[in-house]
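Thanks for coming. I will go through one model this morning, starting with a helix and ending with the backbone. Please have the structure open.

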Amino acid sequence: MSDIVKIKFPDGSQREFPRGATGLDVAKAISPRLAKEAIAVKVNGSIQDLQAPLENDAPIKILTFEDPEGRQVFWHSSSHIMAQAVLDLFPGTRLAIGPAIEEGFYYDFEVEKPFSPEDIERIEKRMAEIIAENAAFKRVEISRSEMLEKYRRENAVYKVELLEQDILDEKVTYYQHSHFTDLCRGPHIPHTGIIKAYKLISSSGAYWRGDEKNKMLQRIYGISYPKKNLLDEYLLRLEEAKKRDHRVLGKQLELFHITNEVGAGLILWLPKGATIRNEIENFWREEHIKNGYQLVYSPHIANLELWNRSGHTSFYTENMYHPMDVDQSQFQIKPMNCPFHIMMYKSRRWSYRDLPLRWAELGTVYRYEMPGVLHGLMRVRGFTQDDAHHFVAADNMEDELVWLIKFCLHILNPYGFPEYDIYLSTRPGDAIGETADWEKAEIGLRRALDLLGLKYSVDEGGGAFYGPKIDIKIKDALGRSWQCSTIQFDFNLPLRFDLNYTDRDGSMKRPFMIHRALLGSIERFFGVLIEHYAGKFPLWLAPVQARILPITDSFNEMGQKVLERLKARGLRAEIDDRSEKIGHKIRESELQKIPYMLIIGAREAESDSVAVRLHGGKDLGPQKVDGVIDLMLTEIREKKLPATHA
């Protein structure tokens with residue numbers, strides 16, 4: 001075995017290092033600054049501690065806080081520090097789990113009573129002392145039996161349960177810093193002193209494993225950063241996010257409703273929310289049909305054997321509802337649309353002349369999510385995917401990818417998200433399928449992004465086991481990233497279902513199959529829209545586009561005539577003809593975030609005009625009714641954004 005390992009960097013360059021060199025050694029060789037900012041290292045798709053030795057040739061990436069995976073490591077380590085602080089201050093506390101989340105971290109504890117605000121302050125102060133120790137995080141491997149014995153002796157019931165349920169490995173790992181240890185796969189930051197700023201955000205009750213049948217624990221949420229200014233920026237965003245919370249605005253604007261009488265995670269779309277959804281879906285359908293898609297529909301359930309053949313019952317069973325007995329067979333409510341589109345493909349023979357096929361569906365799927373993770377529209381149990389599958393011949397694959405990425409951005413643009421983060425995820429260690437197919441797909445994805453001049457990051461080894469992918473994350477008005485569009489190759493299902501087509505030479509070939517979602521799910525995308533616009537939707541989406549406000553009852557008759565004219569031109573309008581003062585009517589319209597308020601008084605009644613006031617207080621003055629209608633229709637046709645987002 002050679003004493004040298006060849007390291008490949010994300011930019012394609014390569015460099016040799018002595019076998020056993022660490023990620024930190026590599027970072028130091030690149031630059032002192034990178035070594036200072038380094039958090040962990042990604043080796044052949046697997047994230048490892050900076051101190052882990054490099055034993056084989058591999059692609060690597062040094063992770064900093066700028067990288068999503070780096071932030072996850074940073075926040076996971078922060079949860080360990082918080083857990084130590086809690087144990088130090090509250091002896092006898094039982095630890096459950098403490099993961100990193102999308103932004104920040106939490107840890108669940110079994111304690112005698114809920115944490116008070118004063119308790120949280122004490123925990124924060126103790127964390128400062130732990131951080132000041134610059135204590136190193138050390139990874140220790142131990143046998144499962146030893147770890148179980150230790151935790152049983154300590155009556156650490158949650159750790160025992162975790163170990164007893166996950167029995168695949170004889171060896172397990174724990175991490176130690178200062179005098180604290182915790183069962184953990186890692187990786188972690190090099191030492192506690194890397195954390196320069198943090199804040200414990202809230203505490204609340206949380207059922208163990210998210211199951212209401214289990215014991216109620218106490219969860220503390222926190223956030224941490226390597227620089228104080230990043231924390232300051234986050235806290236400002238947090239305050240603004242509270243004002244934009246889609247659950248609050250959804251109730252205030254009467255957009256949607258969730259009730260346990262129907263079921264947790266199941267959305268009731270109220271008329272105004274349904275109006276917005278209808279506009280989103282109409283635009284989606286029109287553009288798909290214009291651009292060569294064929295729309296399909298599939299049922300909500302299927303024979304369990306279909307899901308066995310697709311493999312979902314093997315690798316996705318935890319997110320599937322239990323089967324139901326029908327006619328002496330078992331049927332499964334669908335968690336995905338893919339197998340249905342597969343069976344449509346198998347309904348006839350195809351030639352290379354027929355490809356590419358572009359089949360799209362707004363298909364509602366159902367996935368079991370634990371109660372503790374459900375969150376408004378963002379995490380639900382029933383949702384509609386804007387799903388599509390492309391079946392493509394090998395020689396057309398690259399052209400199809402270019403077309404598909406352009407179409408994806410075309411659909412997203414009218415919603416007013418000017419910034420995107422794009423990620424290309426490549427072959428992981430557990431990949432299935434032919435290496436040559438993976439290479440062709442990855443080359444195709446890279447070339448398509450490069451040809452379109454799009455900036456992207458490469459997530460080496462981050463692809464799904466069944467194919468490489470491109471993820472597009474939109475950035476909202478607060479700078480938050482949201483997973484939205486995915487373009488995903490699949491080498492698994494075409495193999496399982498033996499898909500083929502007749503090529504030019506008469507031979508049978510397997511098509512490339514590409515999964516594609518643009519908005520992700522209608523529910524989640526709607527939640528993002530609510531928070532992005534703080535409920536002030538673009539005119540083309542607004543459930544009520546105009547409200548007519550007669551100053552007194554004597555102008556109600558003209559108001560009704562103006563209302564009829566607006567509706568006749570296809571505008572969504574209503575009239576407030578109550579016997580209320582005009583100031584009160586305007587305030588209520590502002591609270592309901594009505595884009596156009598059309599005020600009618602004596603001067604307007606005499607000149608077939610309305611006084612136009614926009615949401616937010618901008619006054620356009622008197623305008624002829626037909627002129628206002630034309631103005632609004634132009635704004636809708638061009639899908640103009642509100643002034644604050646233009």
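Helix H20 covers residues 625-637, which is 13 residues. From its first C-alpha to its last it reaches 18 Å, close to the 18 Å expected at 1.5 Å a residue. Keep in mind that this is a predicted model.

Which residues of H20 are buried? They are Val625, Val628, Ile629, Met632, Glu635 and Ile636. Looking down the axis of H20, the buried residues fall within an arc of 130°, so they line one face of the helix.

Most residues other than glycine have a negative phi, and most peptide bonds are trans. With a relative accessible area of 33%, aspartate 608 is partly exposed.

Next, the cis peptide bonds. One joins glycine 186 and proline 187, with omega about 0°. Proline 187 is in the loop between strand E11 (180-183) and strand E12 (197-207). Another runs from leucine 355 to proline 356, with omega near 5°. Proline 356 belongs to the loop between helix H12 (338-345) and strand E20 (357-366).

Now the aromatics. How many aromatic pairs does a search of the whole structure find? It finds 32. Take phenylalanine 315 and phenylalanine 465: the ring centres are 5.4 Å apart and the planes are at 75°, so this pair is edge-to-face. It links distant parts of the chain, 150 residues apart. Phenylalanine 315 is in helix H11 (residues 312-315), and phenylalanine 465 is in the loop between strand E23 (457-459) and strand E24 (469-475).

Elsewhere, ring pairs join Phe65, Phe74, Trp75, Tyr225 and Tyr234 into a cluster.

Last, arginines over rings. Arginine 277 lies over the face of tryptophan 269, 4.9 Å from the ring centre. Arginine 358 lies over the face of tryptophan 403, at 3.6 Å from the ring centre.

Definitions and conventions. Residues are numbered from 1 along each chain as its sequence is written. This is a predicted model: local features need pLDDT of at least 70, side-chain atom pairs count only at pLDDT 80 or more; totals for chains, interfaces and linings use all residues. Side-chain values use heavy atoms; hydrogens and water are left out. Rings of Phe, Tyr and Trp (its six-membered ring) pair if their centres lie within 6.5 Å; planes under 30 degrees apart count as stacked, over 60 as edge-to-face and the rest as tilted. Helices (H or I, at least four residues) and strands (E, at least two) are DSSP runs, numbered from the N terminus. A charge sits over a ring if NZ of Lys or CZ of Arg is within 6 Å of the ring centre and within 35 degrees of the ring normal. The expected span of a helix is 1.5 Å times one less than its number of residues. Buried means under 20% relative accessible area, exposed over 50%, partly exposed in between (1.4 Å probe, protein chains only). The arc is that of the directions from the helix axis to the C-beta atoms.
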